[in-house]
Amino acid sequence: LASTGLVAGYRNLTPTWELTAMASGCLYVGACNAVISVMFFTGRGMRLLGKDPKTGKLPFWSYVVWAGFHFPTFLYTYVHHYLLGHHFKVGGLKDKATGKKTALPAASEVFPRWFIGGRYSDEVGVKRWGAIVDLTVEFEEACIDQCKPGGYLLVRCWDGVPPTPDELEMAAVHCARAHRAGENLLIHCAHGRGRSTTCMCAAAVRAGLFATWQEAFEAIKVGRPVVKLNAKMRGALAAWQEKYCKKTG
C-alpha cells in the first residue's frame with residue numbers, strides 16, 4: 001500500500017532521479033514482499049530463498065534478489081529482540097526472588113538439555129549441541145559451529161507456517177536420538193514462539209517425555225511462557241499424533 005501511494009504521488013511530481021529511484025525502490029520492496037506473502041499464505045516456496053540444508057547459510061544471490069524481504073525481516077527481528085526484548089523487557093519473565101521483570105532469553109531450557117529459542121539462540125552460550133532443528137528459511141544458522149557433525153537439521157518453514165506431519169516426525173526422531181544420547185538439543189525458529197514450539201511438542205512426545213502433544217505444550221509454557229500455537233500448528237500436531245503415535249501405542 002505504501003509503495004502504491006508513493007507511486008501515485010510520484011505521478012503528480014516533476015520526475016527527478018531521486019524520486020524515480022525512491023519509487024522504483026518502493027515498488028521493488030513491495031513486489032518482494034507481495035511474492036513472499038503469497039508463499040506465506042499458501043505454505044509453498046520454502047526453498048525460494050535458497051537456504052543450504054547442510055550449512056544453514058543463505059547464498060549471496062538470495063540477499064541480492066530478495067533484499068526487499070531480507071532487510072525488513074532482519075531489522076524487525078533485531079529490534080524485537082534487542083530493543084523491545086532486552087531494553088523494554090517486552091515478553092520478559094518475572095523474577096520470583098526480586099519481582100522484577102527480566103528479558104526473555106534468546107533460548108529457554110524447558111526440560112533438562114532441551115532448549116527452545118529464536119534466531120539469536122547462540123547467545124545462551126551452550127558450547128556443544130548434539131542436535132539442532134532449524135525451522136527458518138529467512139535467517140542463517142548461528143549455532144552451526146557448535147553443532148556436532150550430522151546434528152543439524154533444517155526444516156524449512158515460513159513464519160507462522162508449521163512443518164508437515166512427516167517433517168514433524170523427522171525432526172522428532174532427530175531430537176529423540178540426541179535425548180537418548182544425553183546431548184543438548186536446540187529447536188529454534190525466529191523468535192522461539194510458534195514454529196519451534198510445534199516441533200518441540202512432537203519431539204517431546206517422541207522422546208517419551210509426554211503422552212500427547214497437548215501435555216507437552218502445557219509443560220513447555222512453564223519454561224517459556226511466550227510460546228503459542230496457531231490453528232495451523234495445532235492442526236499439524238493433531239495430524240502428526242494421529243498418524244504416528246497411535247500406531248506405536
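I take the expected span of a helix as 1.5 Å times one less than its number of residues. The model I am reading is a predicted one.

**Entry: helix 5**

I applied that rule to helix 5, which has 16 residues. From its first C-alpha to its last, helix 5 reaches 22 Å, close to the 22 Å expected. I then looked up which residues of helix 5 are buried, and found Leu 168, Glu 169, Ala 171, Ala 172, His 174, Cys 175, Ala 176 and Ala 178. What covers these buried residues? I noted that the cover includes strand 5, strand 6, strand 7, helix 6 and helix 8 (231–245). Just after helix 5 I came to Gly 182, which takes a positive phi of about 70°.

**Entry: the whole chain**

I stepped back to the protein chain and its secondary structure, which comes to eight helices and seven strands. The chain has 249 residues, and buried residues make up 44% of them. I also looked up the contacts with a separation of 6 or more, and residues 24 or more positions apart account for 63% of these.

In what order do the five strands of the open sheet lie? I read the order as 3-4-7-5-6, and the pairing is mixed. Strand 3 (107–111) and strand 6 (152–154) are the edge strands, and each pairs on one side only. From one strand to the next, the twist averages 20°.

I followed strand 5 (residues 131–134) to its partners. Strand 5 runs parallel to strand 7 (residues 185–188), and four bridges join the two. I found His 188 in strand 7 as the bridge partner of Asp 134. Helix 5 (residues 165–180) touches strand 4 (114–117), strand 5, strand 6 and strand 7, and its direction makes about 160° with that of strand 5. Helix 7 (residues 213–223) touches strand 3 and strand 4, and its direction makes about 130° with that of strand 3.

Strand 5 also pairs with strand 6, in the parallel sense and over three bridges. There Ile 132 stands opposite Tyr 152 of strand 6. In a regular strand the side chains alternate between the two faces of the sheet. I checked both faces of strand 5 and found them covered: Ala 131 and Val 133 are buried on one side, Ile 132 and Asp 134 on the other.

**Entry: helix 6**

I repeated the length check on helix 6 (residues 195–206). Its twelve residues should span 16 Å at 1.5 Å a residue, and its end C-alpha atoms are 17 Å apart, which agrees. Why do I call helix 6 largely enclosed by the rest of the structure? I do so because eleven of its twelve residues are buried. Among them are Arg 195, Cys 199, Met 200 and Val 205. After helix 6 I came to Gly 208, whose phi is positive, near 90°.

**Entry: the largest pocket**

I looked up the largest pocket and found about 340 Å³ of space in it. Of the 21 residues that line the pocket, Tyr 76, Asp 159, Ala 190, His 191 and Arg 195 are the closest to its centre. Which element gives the largest share of the lining? I found that helix 4 (residues 67–87) does, with six residues.

**Entry: two loop residues**

I looked up Pro 162 in the loop between strand 6 and helix 5. Is Pro 162 buried or exposed? I count Pro 162 as buried because its relative accessible area is 13%, and the limit for buried is under 20%. Leaving aside neighbours within four places in sequence, I found Pro 162 in contact with Cys 157, Thr 198, Lys 232, Met 233 and Ala 236. Pro 162 and Gly 43 are 119 residues apart in sequence, and I read 8.7 Å between their C-alpha atoms.

I then turned to Arg 113, in the loop between strand 3 and strand 4. Arg 113 is partly exposed, with a relative accessible area of 41%. I also noted its phi, near 75°, which is a positive value in a residue other than glycine.

Notes
Residues are numbered from 1 along each chain as its sequence is written. This is a predicted model: local features need pLDDT of at least 70, side-chain atom pairs count only at pLDDT 80 or more; totals for chains, interfaces and linings use all residues. Side-chain values use heavy atoms; hydrogens and water are left out. Buried means under 20% relative accessible area, exposed over 50%, partly exposed in between (1.4 Å probe, protein chains only). Two strands pair if DSSP finds at least two bridges between them. Axes are lines fitted to C-alpha atoms, for helices over the stretch in contact, and angles run from 0 to 180 degrees between N-to-C directions. Contact means heavy atoms within 4.5 Å. On a 1 Å grid over the protein atoms alone, a cavity is a set of points where a 1.4 Å probe fits but cannot get out, and a pocket is an open set with protein on both sides within 12 Å along at least five of seven lines; lining residues have an atom within 4 Å of a point. Grid points are joined across faces, edges and corners, and a volume is the space filled by probe spheres set on the points.
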